[in-house]
Amino acid sequence: MEINHNFSSIQQAAGQYFNTGAKRVISKTEQNTESAFEKILLEKQKQAVGELKFSKHADNRLAQRNISLSEEQRKRLEDGTERARKKGIKESLVIVDELAFIVSISNNTVITAMSQKESEDTIFTNIDGAVII
């Protein structure tokens, strides 16, 4: 972009340097770059939010307790996590059918998992919300 240093007013100078008043012409290359960057950014944001991870501890608990999630249950767990995120919850109890999960919403990570049969006499601490799906 060529910069013009011959201005007849302060508004023209401000428009040139601060992009106020005068509209900046964006080349096709810049538009394509911005568009590509925006697409990649949105895709990464979706992956970061939508991709629920399981901690090593949670994986061990699932294996020890012989718990396997169906694809539908996993989708509902992700939905519950997203609902908690929208409400501003940081650490949530998410109940899917008879399964209970403690989820770190900010890390998008399941911390632990158990069946409700095991959790009947259990006290859940360090959570600030619960979602029942």
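Two strands are taken as paired if DSSP finds at least two bridges between them. Helices (H or I, at least four residues) and strands (E, at least two) are DSSP runs, numbered from the N terminus. The model is predicted: local features need pLDDT of at least 70, side-chain atom pairs count only at pLDDT 80 or more, and totals for chains, interfaces and linings use all residues. Residue numbers start from 1 along each chain as its sequence is written, and side-chain values use heavy atoms, with hydrogens and water left out.

**View 1. Strand 2 beside strand 5.** Strand 2 (residues 91–96) runs parallel to strand 5 (residues 129–132), and four bridges join the two. V94 has V131 of strand 5 as its bridge partner. Five of the six residues of strand 2 are buried, where buried means under 20% relative accessible area, exposed over 50%, and partly exposed in between (1.4 Å probe, protein chains only).

**View 2. Strand 2 and strand 3 as a hairpin.** Six bridges pair strand 2 with strand 3 (residues 99–104) in the antiparallel sense. S92 stands opposite V103 of strand 3. Two residues lie between the strands of this hairpin, and D97 in the turn has a positive phi of about 55°.

**View 3. The whole protein for context.** The protein has five helices and five strands, following the pattern α-α-β-α-α-β-β-β-α-β along the sequence. Buried residues make up 28% of its 133 residues. Among contacts (heavy atoms within 4.5 Å) with a separation of 6 or more, 53% join residues 24 or more positions apart.
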